[in-house]
Amino acid sequence: MKKILALFCGIFLLSGEAMAEINGPKAEDFIKKITTQGIEEIINSDVSQEEKDKRFEKLFNEYLDLDFIGRFVLGRYWKTATTAEREEFIDVYRELNIKTWSGRFDEFKGKTFIFKGTSPSNSAGQIFVNTEVPMEQGAPAKVVWRVKETKGQMKVVDIIIENVSLAITARNEYTAFIKNSPEGVKGLINNLKGKISTNVQSTDK
Amino acid sequence: MKKTHLTLLFAIFLASCATNPDGSKLDTSNETTLEAYNRAMFNFNYQLDKKVIYPVAKGYKKVTNQFVRDRVTSLFNNLDEPSYFVNDLLQGEIKESGISISRFLINSTLGLLGTFDVASGWGLERKKNSFDETMAKYCVPDGPFVVMPVLGPSTPRSLVGLAGEAYTSPLFWAFIDTDDGWVDVGVAGAAALKYVNLRAENEFLLQSLEEGSVDYYTTIKSSWLQNRQKYQSICSDNSEENATASYDFDFGYDEYNDEFEE
């Protein structure tokens, strides 16, 4: 009987944990902090590009759960990848994202984010923070931030621009590549490495 | 940065390279016939863009400044208003249809043929609409993803919508109601200018998309189709599905199996 009770308690606690709701205003404040820091301390600041890149890398590593996202974007190939390949992929994926986004700072100059509240997610411990970015012409662009909370710590796990999820797009792209590449995950890693070195060269020009 | 209207961006001439960094082709032999066709057509469009459209767009950018390009964008935006008006009516959006037609009349006159958006300054903001959206609202199925020559990513429904937009464009009526060859040339030139201007204005966005991509065809296809999921929510038959945002996929994984739930 004790065992059955313990089992019931265990199930109850687990389901309670799974259903734990993330605090909306807290998630919104978290994204406000990121966008303010990104715009004021990096994009609009009067420091060298090198310093901007450094600050951006710190911001990126601190607030984005790249391990979680990287694991998701490999899809079913995460399971077949070796431990070394997984680690290498996450490193390369992180580096590519930092290089790609830091090269696009100018596009965000003078932009502001208008916060439009939060929406619940079907995934436990996650929430969407809705924002809009006013444009020179036409309607504002919709940018939605997917925030995940683990052990009290919030991280961004996806950014959705005009309905397009960056995580889903990367997952579709990477799994299609691996499927068609004779070298599998290794082929993808090599390709991403090539993109990083190309980006570095074009930045150095 | 101009608004990244992904639908618009991805509907222009771009195509998949589907190549490795060394230029060698990916092995896509295990794909379906439609997918193989789509990749081949994407590749054709990509080459067309790289060899013809992009060089022309770069030249156009050199001989124009941002002010001129903004006027060109505004002019073509204005020519879309009659289509918005018709679709607003078809969707029962009476107030919106009034705004669209007012915008067209104001901008075509006071806005110097639409080159200036005077109406927005008066609080009549531009709100896009399309035949594609109207059909979606009446729950017309979208059909499969297909890449068309020059037009790029499409579905059967989006193509029907495009035909509707062409039919409601003042450019089309100028073209059809005349026997003057010069008018025909002028209209064809205007259509070409619209696409060159669009390509020039989105040069850096498309460049960065391509640079960060390992399979450009899939990147464009995935983004284009995700963006279209917004139409799912306006079909009244999907009211139950509408409760969930299209991007709210199950984003979690089983710690023990080391695999995301799919």
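The model is a predicted one, where local features need pLDDT of at least 70 and side-chain atom pairs count only at pLDDT 80 or more, while totals for chains, interfaces and linings use all residues, and side-chain values use heavy atoms, with hydrogens and water left out. Residues are numbered from 1 along each chain as its sequence is written, with chains lettered from A and ligands numbered from 1 in the order in which they are written.

β2(A) and β3(A) pair in the antiparallel sense over eight bridges; to pair, two strands need at least two bridges found by DSSP. On the other pairing, V143(A) has I161(A) of β4(A) as its bridge partner, and β3(A) and β4(A) are also antiparallel, over eight bridges. Two residues sit between the strands in the hairpin of β3(A) and β4(A), and K151(A) there takes a positive phi near 50°. Seven of the 10 residues of β3(A) are buried, so the rest of the structure largely encloses this strand. Here buried means under 20% relative accessible area, exposed means over 50%, and partly exposed is in between, using a 1.4 Å probe and protein chains only.

Zoom out and you find an open sheet of five strands in chain A, in the order β1-β2-β3-β4-β5, with antiparallel pairing. The edges belong to β1(A) and β5(A), each with a single partner strand, so one side of each has no neighbour in the sheet. β1(A) is joined to β2(A) by five bridges, and within that pairing S119(A) has F128(A) as its bridge partner in β2(A).

## Chain A at a glance

Chain A has eight helices and five strands, both taken as DSSP runs numbered from the N terminus: H or I of at least four residues for helices, E of at least two for strands. Starting at the N terminus, the elements go α-α-α-α-α-α-β-β-β-β-β-α-α. The chain has 205 residues, and 49% of them count as buried.

## Helix α2

Helix α2(A) covers residues 24-43, and its 20 residues should span 28 Å at 1.5 Å a residue; the end C-alpha atoms are 27 Å apart, which agrees. That expected span is 1.5 Å times one less than the number of residues.

What does α2(A) pack against? Its buried residues meet α3, β1, β2, β3 and β4 of chain A. Among those buried residues are A27(A), F30(A), I31(A) and I34(A), along with E28(A) and Q37(A).

## Nonpolar cores

In soluble globular proteins, nonpolar side chains tend to be buried together. The largest nonpolar core here has 56 residues, and I31(A), F89(A), Y174(A) and L188(A) have the most contacts inside it. Such a core is a set of buried Ala, Val, Leu, Ile, Met, Phe, Trp, Tyr and Cys residues joined through side-chain atoms within 4.5 Å. Helix α2(A) gives the most to this core, with seven residues. Apart from it lies another core, of 10 residues, including M41(B), F42(B), F145(B) and L206(B).

Leaving aside neighbours within four places in sequence, Y174(A) is in contact (heavy atoms within 4.5 Å) with V73(A), F89(A), Y93(A), L96(A), L188(A), L192(A) and V214(B).

## A residue of chain B

Is K95(B) buried or exposed? K95(B) is exposed, with a relative accessible area of 68%, and its place is in helix α5 (residues 94-109) of chain B.
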